[in-house]
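User: I'd like to learn how to read a few features off a model. Could we go through them one at a time?

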Amino acid sequence: MTKRSSWALPYAIFLVLFVALPLILIIFYAFQDGSGNFTFGNFTKFFTDADAIGTFALSLEVAIENTLICILLGYPAAWILANKKLNRSAVTIVLFIMPMWINALMRTLATAELFHMLGIQLGKGTLLVGMVYDYLPFMIYPIYNILNKMDKSYAEAAADLGATPWQVFWKVQVPLSMPGVVSGVMMVFMPTVSTFAISEFLTNNKIKLFGTIIQENINSSMWNYGAALSLVMLVIIGITSLLQDNKKEDVSGGIV
Amino acid sequence: MNSNDYIIEIRNISKSFGDKCILDDVSINVKKGEFVTILGPSGCGKTTMLRLLAGFGQADKGEIRINGEDITNVPPHQRPVNTVFQRYALFPHLDVYENIAFGLKLQKVPADEIDKRVMKVLKMVSMTDYEDRDVESLSGGQQQRVAIARAIANQPQVLLLDEPLAALDLKMRKDMQIELKEMHRKLGITFIYVTHDQEEALTLSDTIIVMNEGKIQQIGTPTDIYNEPQNSFVADFIGESNILNGKMIKDRLVEFAGHEFECVDEGFGENVDVDVVVRPEDIYIMNKLDGAQFGAKVKSCTFKGVHYEMFVETDKGYELMIQDYNAFEPDSEVGLIIRPADIQVMHKERTCNTFEGEIVDETHVKFLGETFECLPQPGLEAGTQVNVEVAFSKVDLIDHPEEGMLSGDVYFLLYKGDHYHLTIMTDDGDHIWVDTNDIWDKGDLVGINIAPQDIKIVK
């Protein structure tokens, strides 16, 4: 080991202690029953429990809906922010990004209070509004970033070859900004799949999401079942991130 | 000539970005099938001109016509021109075939016709079999070829090329020059080529347009531009040259470097100050003084591959550059001859600095935004509008910009054999011309002072 590579040692220790070890523990617990015997029981319990599967499906549904709404709202917003003609000031960008700097829990509590004040019944609608509010900046930022850095000669070349502004947008700028959208999806979809606090506050615990169930199980010392559910979620997250890896485009412009 | 013979007519185009004037009343006519190069240093407005032709950006004033049709306000996608961009701008999400077919698909050309056209242009740029390649996996030269193929696939009437070879290495550039010339011949369409590389311009063009500071300096064939530059900027920018102050004594007789020479120029008048250009390869150098017009001493001699490049100091103290196939040792005494036809005489653009000014009081005059002390001006009341003249050699340049009445930077410099002729751009964007023996570099920040006795007030 050269001298310089030894500098990496603290990080390696950190990774082992706080990333690798917990993951191994999750896998370990997921395949054990309460008395420490190897079993698939936790998984059969989950896949045969209609309630759990229903919650799981609902979580995915909410996460997908949230992500789609964020793309629909976030892409045009990022577009406008990155367009030098429409937006000349850096302040507007900061205004859009600023919510990212405030603790999500606080924002969620404030949103819940707002609904309460306006007399709006808490439910799936309020859950989605709250989630979109929480996660929209995470969609806008990577898309804005990639649009902002995009060489404008691509758009010019397309126009030069006969593309109308609308065709320039759909045939060049949208495909070239896909890495930004993928980054945005990562940053919105993954946390929403596993969230529990937002659903708790914004639906008054009327709607349970997958994250809520994991949390409840772990809280009531059902470690093995909780670990198995976590593993299921990890697989979902793993699959989503594979989507990103398959895109060979350079994503460096996406996540900062 | 009937205006229908021109494919492109650019009339009195002006364009500014903020306070900076990029194009100043530029007019250009281009004939069908011509290879026209717009040549100039960076910032001369050549790229802006090309972008206006392509439709990126609007001119503040003037009119652009293609095929007699006013296209000044036509958006880029409706213009009959295609552009090869400096950094190619190939779409990274499309492969070579899709890049080239991009414009054809937009035009809804039938698929089999697209196929044919793509294969044809790929063949033309020697990139057959590359159609399925990812554009980012191609080398710079190959990307360049695809960019050209993409632009000509649309069969434009005019092909615009924005420094297309700038990113290639020397060897590749030379090869591409020959291929571009060949392509131009085969396609028979009009090429407008923008470059800062004078050698490229001389090699490729039918017509060269030399630009500087948003103005056209000269339009002509490569030989015209090289052999008969119209001003010292063109002479300096194209090729190597000795540029000296001279005096036209009478028709066919000019004095420079302390000697009188026969020349072929007429019509300048008698005893008129002129600029004289002699190309370094046009000075004959020999070992003996017999039969020479004047003598000189060799200061340095460098081998340049094909020829030797020598700097000599003439008997009257002027430094000249000479290129010759024979080497002459430093410190050797040589004789020089310049033939009449090799002397290019040019009108001086100006013989002194002239500014518009206003009298402040008896001993002060305001010009270039500052109030300068001058010699007493009896009879001129405050507020009188005057012209102020300052000789080139009377402008003081100092190292510290903050110690000058004005400050600016060295914008352009010209060696005139025994002194430097500098163009100083003041912070307000005005020009001051200075003759000096001190050595300055382009971009140096300077302070500018003018002594009271050197300010000449002209009513």
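This is a predicted model: local features need pLDDT of at least 70, side-chain atom pairs count only at pLDDT 80 or more; totals for chains, interfaces and linings use all residues.

User: Where in chain B is B:Y130 found?

Analyst: B:Y130 sits in the loop between α3 (111-124) and α4 (140-153) of chain B.

User: Which residues does B:Y130 touch, leaving out those up to four places away in sequence?

Analyst: B:V96 and B:L122. As for B:R65, 65 residues from B:Y130 along the chain, the two C-alpha atoms are separated by 37 Å.

User: On to chain A. How many helices and strands does the secondary structure come to?

Analyst: Chain A has 11 helices and 0 strands. The C-alpha trace of chain A spans about 70 × 65 × 30 Å along its principal axes. Of the 256 residues in chain A, 34% are buried. Take the contacts in chain A with a separation of 6 or more: 75% of them are between residues 24 or more positions apart.

User: How do I read a pair of packed helices?

Analyst: In general, you describe two packed helices by the angle between their axes and the distance between those axes. Here, take helix α5 (residues 104-118) and helix α6 (residues 124-149) of chain A: their axes come within 10 Å and cross at roughly 140°.

User: What do we call that arrangement of α5(A) and α6(A)?

Analyst: Angles over 145 degrees would count as roughly antiparallel; α5(A) and α6(A) are therefore oblique to each other. Their crossing is right-handed.

User: Which residues of α5(A) and α6(A) meet?

Analyst: From α5(A) you have A:A104, A:R107, A:T108, A:T111 and A:F115, and they meet A:T126, A:G130, A:Y133 and A:D134 in α6(A). Sorted by class, this contact has 3 nonpolar, 4 polar and 2 charged residues.

User: And helix α3 of chain A with α6(A): at roughly what angle do the axes cross?

Analyst: Helix α3 (residues 50-82) of chain A and α6(A) have axes that come within 7 Å and cross at roughly 45°. α3(A) and α6(A) are therefore oblique to each other, and their crossing is right-handed. By class, the contact of α3(A) with α6(A) has 22 nonpolar, 3 polar and 1 charged residues.

User: How about sheets?

Analyst: The general idea is that strands of a sheet pair through backbone hydrogen bonds, either parallel or antiparallel. In chain B, 5 strands form an open sheet in the order β25-β29-β26-β27-β28, with antiparallel pairing.

User: Which are the edge strands of that sheet?

Analyst: They're β25 (395-398) and β28 (431-436) of chain B, each pairing on one side only. Neighbouring strands of this sheet are turned by 45° against each other on average, direction ignored.

User: How many bridges join strand β26 to strand β29 of chain B?

Analyst: There are 4 bridges between β26 (residues 406-415) and β29 (residues 445-450) of chain B, and these strands run antiparallel. For a residue-level view, B:S407 stands opposite B:G447 in β29(B).

User: Last one: how many residues of chain A are in contact with chain B?

Analyst: 15 residues of chain A are in contact with 17 residues of chain B. On the side of chain A that touches chain B, α7 (152-160) and α8 (165-194) of chain A each supply at least two residues.

Conventions: Residues are numbered from 1 along each chain as its sequence is written. Chains are lettered from A and ligands numbered from 1 in the order in which they are written. Two residues are in contact if their C-beta atoms, placed from the backbone, lie within 7 Å. Two strands pair if DSSP finds at least two bridges between them. Axes are lines fitted to C-alpha atoms, for helices over the stretch in contact, and angles run from 0 to 180 degrees between N-to-C directions. A residue is buried if 20 or more other C-beta atoms lie within 10 Å of its own, exposed if 12 or fewer, and partly exposed in between; C-beta atoms are placed from the backbone. Angles under 35 degrees count as roughly parallel, over 145 as roughly antiparallel, 65 to 115 as roughly perpendicular and the rest as oblique. A crossing is left-handed if the near helix is turned anticlockwise from the far one by less than a right angle, and right-handed if clockwise. Ala, Val, Leu, Ile, Met, Phe, Trp, Tyr, Cys and Pro count as nonpolar, Asp, Glu, Lys and Arg as charged, and the others, Gly among them, as polar.
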